[in-house]
Amino acid sequence: MPLDTATWEPNKDMPVGKGATVQQFFAKVGNDQFEISVAPWGEGQLTVNGREIARTAEARDRRQAFSSLKQAAERYIRGEPVDLTGNGKIRLIPAVKAKLLQGKKGLVVGIANQRSIAWGCAAAFRAFGADLAVTYLDDKAKKYVDPLARELECKIVMPLDVRVPGQMEAVFDTISKQWGRLDFVVHSIAFAPQDALHGRVVDVSLEGFLTTMQVSCWTFLQMARLAEPLMKKGGTLFTMTYYGSQTVVKNYNIMGVAKAALESAVKYASAELGPKGIRVHAISPGPLATRAASGIPEFDKLLEKAKAKAPARSLVSIEDVGAATAFLAHDAARLITGDTIYIDGGYHVVD
Ligand SMILES: NC(=O)c1ccc[n+]([C@@H]2O[C@H](COP(=O)([O-])OP(=O)(O)OC[C@H]3O[C@@H](n4cnc5c(N)ncnc54)[C@H](O)[C@@H]3O)[C@@H](O)[C@H]2O)c1
């Protein structure tokens, strides 16, 4: 029996069409149950009787992902090789069936481009069904963030340079007016002036120190303060940290000092906000080749070392960070708070 488009039945328990995130389609051929899951950003997965047969990571959109997976299913039926593996770039998301965060609303700050950790988080949150507000640093960043915000189907997309007075308040004001509430915030930003980052910590100027601490630490507390009244039924606050807070990591310098303060801020904030049902997490990913990381000398050596020494013998991806972060926003994680959660393949326990 040919597998034409009409053979594929949508999963009626999941939203279909505009506004939906991951969609599923089923087809029965003889005794075999075929299933295609596709995400709006062009990822998808084909399974036959629950076993994965093909993946795609680089389709232009959901329609193109569906079309190539449908062809893969046809090849499978004809007994031909199915050469569609996602080139190793696949995210975890199409395997996720449940809309675990449907109805939740969150703000993600820190998307610069497709390599940003904040983007990995935003994509995961959206795939789990959450509605998102995102920000971009300035007009230069807007052209990179706008298409990503469209993929996420964001209704709120605003400028936010945390050093510009009033911009953060404006973002939370808009959220308050449009949503009236907030369930999670992802703070995924950090900055140190070049001379502060590249020198010894004992030589850092007051100005360099204050700028580093302001952008990388204080803004998290400020976001927590602005989010608090909107998290009427509780919520989750996330910030991104790094292992260089715990031990001296070569070249991490003043950023290690800022991350130590940030991790401590998470503990205090969790104690203060916990009685209101607001959980606070520092997420500590292993090294990732993002734009921020490109400012750290010899970063490739950090990557090599992480891969060789981590118990999992693997570098992490922004998708790994996104999926784990999204889980922590779910009610199932309601009693986890105040700590630094490592997503690093276990590296921190061996180094
Ligand atoms: N890349 C890594 O290896 C790694 C590892 C652990 C933790 N982190 C942390 O993850 C977070 C995100 O970094 P990334 O690696 O995704 O890099 P990135 O360059 O993609 O993101 C950094 C973000 O910080 C934003 N930012 C800087 N100054 C800002 C300001 N004044 N106002 C508003 N936004 C500002 C940038 O616009 C950018 O979106 C940072 O806190 C970083 O320290 C990174």
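**Entry 1. The hairpins**

I began with the hairpin of β3 and β4, which has 5 residues between its strands, and noted that Gly42 in the turn has a positive phi of about 95°. The model is a predicted one: local features need pLDDT of at least 70, side-chain atom pairs count only at pLDDT 80 or more, and totals for chains, interfaces and linings use all residues. Residues are numbered from 1 along each chain as its sequence is written. My element names follow DSSP runs numbered from the N terminus (helices are H or I with at least four residues, strands are E with at least two).

I looked up the pairing of strand β3 (residues 32-38) with strand β4 (residues 44-48) and found 5 bridges in the antiparallel sense. Two strands pair if DSSP finds at least two bridges between them. Ile36 stands opposite Leu46 in β4.

I then went on to β4 and β5, which form a hairpin with 2 residues between them. Asn49 in that turn has a positive phi of about 50°.

**Entry 2. The antiparallel sheet**

I put the hairpins in their sheet. It is open and has 5 strands in the order β1-β2-β3-β4-β5, with antiparallel pairing. β1 (9-10) and β5 (51-56) are the edge strands; each has a single partner strand, so one side of each is left without a neighbour in the sheet. At the β1 end, β1 pairs with strand β2 (residues 23-29) in the antiparallel sense over 2 bridges, and Glu9 has Phe26 as its bridge partner in β2. As a reminder to myself, strands of a sheet pair through backbone hydrogen bonds, either parallel or antiparallel.

**Entry 3. The parallel sheet**

I looked up the other sheet, an open one of 7 strands in the order β8-β7-β6-β9-β10-β11-β12, with parallel pairing. β8 (156-159) and β12 (340-343) stand at its edges with a single partner strand each, so one side of each has no neighbour in the sheet. Neighbouring strands here are turned by 20° against each other on average, direction ignored. Axes are lines fitted to C-alpha atoms, for helices over the stretch in contact, and angles run from 0 to 180 degrees between N-to-C directions.

Within this sheet I checked strand β10 (residues 235-240) and strand β11 (residues 278-285), which run parallel and are joined by 6 bridges. Thr236 has Arg279 as its bridge partner in β11. Helix α7 lies across β10, β11 and β12 and runs at about 160° to β11.

**Entry 4. Helix α6 and its partners**

Which angle do helix α6 (residues 206-227) and helix α7 (residues 253-273) make? They pack at about 20°, with their axes 10 Å apart. α6 and α7 are therefore roughly parallel (angles under 35 degrees count as roughly parallel, over 145 as roughly antiparallel, 65 to 115 as roughly perpendicular and the rest as oblique). The contact includes Phe209, Met213 and Phe220 of α6 and Ile254, Ala258 and Leu262 of α7. Residues are in contact if their C-beta atoms, placed from the backbone, lie within 7 Å. By class, this contact has 14 nonpolar, 2 polar and no charged residues. Ala, Val, Leu, Ile, Met, Phe, Trp, Tyr, Cys and Pro count as nonpolar, Asp, Glu, Lys and Arg as charged, and the others, Gly among them, as polar.

I also looked at helix α4 (residues 167-178), which packs on α6 at an angle of about 30°, with the axes 10 Å apart. That makes α4 roughly parallel to α6. Met168, Glu169 and Phe172 of α4 meet Gln222, Met223 and Leu226 of α6. This contact has 4 nonpolar, 1 polar and 1 charged residues.

**Entry 5. Helices α2 and α9**

The axes of helix α2 (residues 117-127) and helix α9 (residues 318-329) come within 7 Å and cross at roughly 50°. α2 and α9 are therefore oblique to each other. Among the contact residues I noted Trp119 and Phe125 of α2, and Glu319 and Val321 of α9. The contact divides into 10 nonpolar, 3 polar and 1 charged.

**Entry 6. The ligand**

How many residues surround the ligand? I found 27, the closest being Ser116, Ala190, Met240, Thr290 and Ala292. A residue is near a molecule or strand if its C-beta atom, placed from the backbone, lies within 6 Å of it. The shell around the ligand has 19 nonpolar, 5 polar and 3 charged residues.

Note on methods:
Two residues are in contact if their C-beta atoms, placed from the backbone, lie within 7 Å.
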